[in-house]
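Trainee: I am new to this structure, and I would like to go through some of its side-chain pairings with you. Could we take them one at a time?

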Amino acid sequence: MLKKVLAATLSAVMMLMCMACGSKDTPTPANPDSTDADNTPAKVTTIKIGYENTDSEPIGQAVIQWQKIVEEKGDGSIKLELFPNSSLGTKSQLIDMMLLGEPVITIADGAFYADYGAKDMGILYGPFCFSSWDEVWTLIESDWYAEQCAQVEDLGLKILASNWIYGERHLMTKNKVVTPADVAGLKIRVASSAIYMEGWNALGATSTGIALGETYQALQTGVVEGVENPLSVLYSQSFQEVTPYLLLTGHIKNFTTWVCSSDFFNTLTPEQQEFLISTAEEAGLYNNDLQTKADEEYRQKLEAAGVTVTEMTEENLAQWKEKAQSFYELGDEFGWSENLYETVQKAMGRQ
C-alpha cells in the first residue's frame, strides 16, 4: 500500500515539474488589442462596401482607389472589402444590415435620405436645382448641410463623405426629345424615390421606379421609353442598344454620399473614424477627376454606338427650368421646412 502511495506522489510531482518547465518555454498569450512587433494591429475591422455600379465606371474605379488608400496609408486596423454590381444586396437590404450594426457602407443620395426621414435633403435632387458644381461644393460646406447630416445620423446612418460626383444626369429615349413638350406622358425610368419620380412628373413625364439592373429589359420590352442617368452609367449599362437618342439635360448635378451605420461608426476609435472619413474624401477627389475626364469619352462612345446626341440651347434650357418650378411648389407634399427653397438658394451662395 505504501509503495502505491509513494508511486502516486512521485507521479504527481513529475507532472508538476513538467508543467513548470513548459510554462517557462511557452510565451504569454498576446493581448488581442495589442500590436505585433511590426506595429500591425492584432484586431482588424473588415468593412464591406456594397454598391450597384460596375468596376468599369468611374465610381467603381474610385472605390477600388479608396481600398488602396486605406491599405497604403492605414495602420492595418481597417480593411475594405468591395462588392460591386449589387452583389452584396440591394440598397434596402444594405440599409437593413446597417441598422443591425453590421460593418457595411453603401452609396446613397439626398433623394434616399428624404424617403428615409431627412425630408429637406430631397430638394437637392429636384430638376435643375443647381446651375454649377461650384454651387454644390458651397452647399455641402454650409451650416445647413451640416444640420442635415446630423439629422441623418440621428436616424441611425452616418454620412462619411459627400464630395463624390456621381455625374450630371441626362435623358436617353427611344424617340428624339428636345423640349419639355416632347416628354409629355413619356414613361421614364427613375430610381424608386419620390423625389426623382415627382421631379419627372413635374416635367410632364410619367415616371416609373425600376431597379437599375432591371432597366435594360424594361426598355427593351417597352415597359419604359426612356432612362435618365450620368453618361458613364448610361453607357456601362448598355442602354445605347435600346435607346438611340440622348438629350444633354444636365437636370441634376448628382453628387452622392457614402454612408454607414451610426452604431457601427461609434464602435471605431476616434482615429479610425477620422481615417475612414478622410480616405473617403480623398477617394472622392480621385473620382471627380475620373468623372470629368470620362464624360467626354463616354459621349464619344455613345455617338460611336449610333446614339444621336442633342445639346440644350439657352432657349430650351429656360423652358425646362420654367417647367421644373412646379416641383419646388410641392414642399407641403414632401414635408419640407418652411421657405426651404429660399434657404437652400442662400446656402449654395445665390443670395
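Predicted model: local features only at pLDDT ≥ 70, side-chain atom pairs only at ≥ 80, totals over all residues.

Trainee: How many salt bridges does the count come to?

Mentor: In general terms, side chains of opposite charge can pair when their charged atoms come close. The rule applied here asks for a side-chain nitrogen of Lys or Arg within 4 Å of a carboxyl oxygen of Asp or Glu. By this rule, the number of salt bridges in the model is seven.

Trainee: Which strand holds Glu-228, the partner of Arg-169?

Mentor: Arg-169 and Glu-228 meet through their side chains in a salt bridge of 2.8 Å, N to O. The pair links distant parts of the chain, 59 residues apart, with Arg-169 in strand β4 (residues 157-173) and Glu-228 in strand β7 (residues 226-229). Arg-169 counts as buried at 4% relative accessibility, and Glu-228 is buried as well, with a relative accessible area of 0%. The strand that holds Glu-228 is β7.

Trainee: Which residue is linked with Arg-299 and Glu-311 in a network of salt bridges?

Mentor: The side chains of Glu-311 and Arg-299 meet in a salt bridge of 2.9 Å, N to O. Glu-311 lies in strand β9 (residues 308-311) and Arg-299 in helix α11 (residues 270-304), so this pair ties together parts that are twelve residues apart in sequence. Glu-311 is partly exposed at 47% relative accessibility, whereas Arg-299, at 18%, is buried. The network that links Arg-299 and Glu-311 also includes Glu-303.

Trainee: Which side chain is joined to that of Ser-162 by a polar contact?

Mentor: Ser-162 has its place in strand β4, and with a relative accessible area of 10% Ser-162 is buried. Leaving aside residues up to four places away in sequence, Ser-162 touches several residues, among them Trp-137, Ile-140, Tyr-145 and Phe-255. The polar contact, at 2.7 Å, joins the side chain of Ser-162 to that of Tyr-145.

Terms used:
Residues numbered from 1 in each chain as written. Heavy atoms only, no water. Helix = DSSP H or I, 4+ residues; strand = E, 2+ residues; numbered from the N terminus. Buried < 20%, exposed > 50% of the residue type's maximum accessible area, 1.4 Å probe, protein only. Polar contact = N/O pair within 3.5 Å; in protein donor to acceptor, adjacent residues only side chain to side chain. Contact = heavy atoms within 4.5 Å.
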